[in-house]
Amino acid sequence: MLRNVRPCGLSATDLSLGDLAQKCQKILFFGIYCFKKRNPIRFRAMNLPAERLMVRIDGDAPNLRLFALLEVIAQKDAPFSLQAIVDDTGLPKPTLHRMLSQLESAGILQRDGNGRHYSTGQRLVRLAESLLLNSTTRGARHAILRRLVEAVGESCSLSAFSGNEVLYLARVEPAAPLRFTLHPGSRVPAHSSATGKLFLSQMAPVQRRRLLTAVPLESFTANTITSVEALESELDRVKGLGYAFDNEEFLPGLICLGVLVPSTRGTSNMGIALQAPVMRCSKEKALALLPTLQEAAEAIARINHDAAPEAAIDDE
């Protein structure tokens with residue numbers, strides 16, 4: 001069969017084993033070079049020579065191209081069209097259409113609206129949530145939360161934004177007999193959560209309005225904000241303050257104060273919050289603990305930065 005295969009104009013029998021190995025190596029490096037030229041965003045960020053790339057990355061070129069495409073898609077904060085990705089990557093439209101179709105058929109992407117726009121699929125969302133919940137930095141973040149609870153004497157949690165909900169990644173309870181318990185993986189609606197308001201306040205107005213009007217804002221207590229206009233006003237205030245309160249808006253008798261974990265990317269998808277019974281902690285007392293909460297957020301931000309691939313590259 002090898003006699004009928006003619007890579008680069010030569011049959012296998014025309015080459016010695018050494019020549020064949022050398023030829024295959026040249027083809028491999030040429031393929032890496034082409035992949036680098038067609039995926040400049042990924043390679044500018046890594047800034048690694050092709051020889052080292054062979055050691056650091058597993059998988060064949062098509063899989064790596066799909067992964068690089070997902071990195072571009074992950075930066076999108078709204079549904080996107082095929083043409084938008086063509087403009088971002090410079091790849092041919094037929095090639096990108098085939099790649100997007102593969103991701104859609106796998107449940108990683110989904111079609112929105114009139115079918116001409118894509119957004120993240122449930123499989124990709126579940127993957128991202130699992131990574132957050134089971135991160136290798138989970139232990140270090142939990143240790144910071146535990147020290148924070150020891151300092152403030154109240155329950156503290158770490159959360160992320162998922163869809164229109166707040167996803168709890170970690171939580172530490174105090175020794176006090178009266179406390180509110182939420183386990184990692186629990187969710188609460190963003191509009192009735194302190195960190196949820198912070199996440200929403202970062203969004204572009206059009207994107208946020210689309211999210212808030214997609215489903216009614218459910219009422220959980222007499223204090224829950226259920227008007228989009230009132231919530232927009234609250235989010236503008238939160239953005240200016242840099243912190244947010246849940247003033248018995250999700251559960252009666254529970255007050256929460258939240259801050260964002262700083263991110264070098266500007267927009268943060270991680271927040272830290274203090275939760276306490278109102279009989280033990282007033283808004284004034286919670287605000288007095290704000291600097292301690294912000295210090296913990298900064299500590300978690302350093303952990304996130306040190307764990308990021310970019311940080312590892314900078315150290316080399």
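Me: At what angle do helix 9 and helix 11 pack, and how far apart are their axes?
Reply: This is a predicted model, in which local features need pLDDT of at least 70, side-chain atom pairs count only at pLDDT 80 or more, and totals for chains, interfaces and linings use all residues. Residues are numbered from 1 along each chain as its sequence is written, and side-chain values use heavy atoms, with hydrogens and water left out. Helices (H or I, at least four residues) and strands (E, at least two) are DSSP runs numbered from the N terminus, while axes are lines fitted to C-alpha atoms, for helices over the stretch in contact, with angles from 0 to 180 degrees between N-to-C directions. On that basis helix 9 (residues 194–201) and helix 11 (residues 228–241) pack at an angle of about 90°, with their axes 9 Å apart.

Me: Which residues make the contact between helix 9 and helix 11?
Reply: Contact means heavy atoms within 4.5 Å. From helix 11 come Glu 234, Leu 235, Val 238 and Lys 239, and from helix 9 come Lys 197, Leu 198, Leu 200 and Ser 201.

Me: Which residues of helix 10 are buried, and against which helices do they pack?
Reply: Buried means under 20% relative accessible area, exposed over 50%, and partly exposed in between (1.4 Å probe, protein chains only). In helix 10 (residues 205–214), the buried residues are Gln 207, Arg 208 and Leu 212. They cover an arc of only 125° around the axis, which puts them on the same side of helix 10, the arc being that of the directions from the helix axis to the C-beta atoms. These buried residues of helix 10 pack against helix 9 and helix 11.

Me: How far apart are the end C-alpha atoms of helix 8?
Reply: The expected span of a helix is 1.5 Å times one less than its number of residues. For the 15 residues of helix 8 (residues 138–152) this should give 21 Å, and the model agrees, because its end C-alpha atoms are 21 Å apart.

Me: Which residues of helix 8 are buried, and which are exposed on the other side?
Reply: Arg 141, Ile 144, Leu 145, Leu 148, Val 149 and Val 152 are buried in helix 8. They cover an arc of only 140° around the axis, which puts them on the same side of helix 8. On the other side of helix 8, the exposed residues are Gly 139, Arg 147 and Glu 150.

Me: Is Ala 151 buried or exposed?
Reply: Ala 151 is found in helix 8, and its C-alpha atom is separated by 9.1 Å from that of Leu 289, 138 residues apart along the chain. Since its relative accessibility is 54%, Ala 151 counts as exposed.

Me: What is the phi of Glu 248?
Reply: Glu 248 is found in the loop between strand 7 (244–247) and strand 8 (254–260). Its relative accessible area of 24% makes Glu 248 partly exposed. The phi of Glu 248 is a positive value in a residue other than glycine, near 55°.
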